[in-house]
Amino acid sequence: MLALATMNGLVIGAIYALAALGVSLVVGIMNVINFAHGELYILAGYFSYILADTLGMHFVLAMVLAVALVFLFGIFVEYTLIRPTYGNDMYSLILTFILSIVLQNAYLLIFGPYPNKPPGWVGGATHVFGAFYYGNQRLAALVAGAVVIAFVFVLVKKTWFGRIIRATSQDREMAELNGVNTTRLNMLSFGLGCALAAAAGVILAPVFPVTPTAGVPVALTAFVVVVLGGMGSLWGCVVGGLILGLVENLGAAYISTGYKHVFNFIILILVLLVRPAGLFGRREA
Amino acid sequence: MLEVSGIDVFRGETQVLWEISIRVHLGERVAILGSNGAGKSTFLAAVTGVLPPRRGDILFKGESLVGMKPHQITQLGVAVVPEGRRVYREMTVAENLEMGAYPKRGRAQLKKTMEHVMCIFPVLAGRSRQPAGTLSGGEQQMLAIGRALMSRPELLLIDELSLGLAPLITKEIFRTLDNLADEITILLVEQNVEQALRHSKRAYILESGRLTRSGISSELMEDDDIRRAYLGL
């Protein structure tokens, strides 16, 4: 049971980390908290369901297309809803909250309350460590999550785009004086944040089917992960995501499934008592 | 090269600068002097596009900068060393310099310019992998200047070079800038009147948002009023 719960924790943890990276990126650069993050995660799940199941596309193509569509949707949201609110963080908070409710109800209207599931990528199960059988689909999700996380790290640490992201989140006005078009960067990074939520969504949807409100707990956990790991830290997102994934599943396995989400907040409170800036947070932040 | 004519600048609803007119010619080094709160930094904010003036015009190589965004002005060849240095503390020295080369004009010859900058400030070469936040104040100032040079600017604006630095280090950095003289036009904004006059050709004096004096630096240095007001002599 221990090994199984650990594996489940790793799979979910990787997805939490992915969703948290998206939140962290947007908070770090724009100081905007996107309350509709979970609904974009779900949106990508629905897109991949429609494209692969209804339209019969290959699942990889459907996933890539779903993420791309959510990226464009994110850019549209930034342009129409977020951009006019710069200078007042409260407005964007309220607007994205409204957006999340609108999207949830739109999903309910279009897809109904039933769970929808895009086709799995692989079937069968693998004998892991000679200890237990584990679904291949979940293993594939873990690998895919890790690949996307690695991609984000390379993007942020090694490319010009990553350099201007880091510079802008440290000193926005200075970055502008160094020639960064911060208005365009905001739009791109908001889109990218949404695309990361979408990547988490398309990877996990074949395992956990999407429903109109299934994004709420994922987004909530992503916010917890960002605070737990420390604002603006990539490693914080990864480590925090894995910790929460593991705690949640081990707690559910050994204590009670009913308290699944309580464990997260207990961990959060304990960590913040000792390190108020989060695990990898900057002290002054 | 830079021609500022009659600008009025506001911070919010408060007017900070009144009818400021300044000219900087190609290859010249000009200083704007004044005490704390005289509006020196606001003037630079107006030139760099951070705080557009409400009236008046700013021409750079004959082109009006009014209405342009800071990142567009940077592309034209204006670079700034901001007050308080504002290096990207969590990025390495090399990454800070690379950020300076982000404008198109800097990116083409990034490697060559970086070698050149490391030549000017050898201390940066030894620390290129270190986070900028771990550098001393003087080293951070050198990094901030190096970062500005990375965009291969034609006009370099320097805000309060001496702020928070030991006199000896200030002197050393000023001397380094003197050696750059023929490559680049420099507009210096300073509270440290003595150093600034010594290292500039012409100077303007700013008092409570208005220009009160201007002239050749060496003559201003001999002026009794200025000696009394700013040099404590």
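Chain A contains eleven helices and two strands. The model is predicted. Read from the N terminus, the elements of chain A follow the order α-α-α-α-β-β-α-α-α-α-α-α-α. The radius of gyration of chain A is 19 Å, close to the 19 Å given by the globule rule for 285 residues, so chain A is as compact as a globular protein of that length. Along the principal axes, the C-alpha atoms of chain A fill a box of roughly 55 × 50 × 35 Å. Of the 285 residues in chain A, 48% are buried. Among contacts in chain A with a separation of 6 or more, 75% are between residues 24 or more positions apart.

Helix α9 of chain A comprises residues 215-229. From its first C-alpha to its last, this 15-residue helix reaches 21 Å, close to the 21 Å expected at 1.5 Å a residue. α9(A) is mostly covered, with twelve of its 15 residues buried. Among them are Gly215(A), Val218(A), Phe223(A), Leu228(A) and Gly229(A). Gly230(A), which follows α9(A), has a positive phi, near 105°.

Between the chains, 14 residues of chain A are in contact with 20 residues of chain B. On the side of chain B that touches chain A, the elements that give two or more residues are α2 (70-76) and α3 (93-100) of chain B. The residues on this side of chain B comprise nine nonpolar, six polar and five charged.

Technical notes: Residues numbered from 1 in each chain as written. Chains lettered and ligands numbered in written order. Predicted model: local features only at pLDDT ≥ 70, side-chain atom pairs only at ≥ 80, totals over all residues. Contact = placed C-beta atoms within 7 Å. Helix = DSSP H or I, 4+ residues; strand = E, 2+ residues; numbered from the N terminus. Nonpolar A, V, L, I, M, F, W, Y, C, P; charged D, E, K, R; others polar. Rg over C-alpha atoms; globule rule 2.2 N^0.38 Å. Buried ≥ 20, exposed ≤ 12 C-beta atoms within 10 Å, placed from the backbone. Expected span 1.5 Å × (residues − 1).
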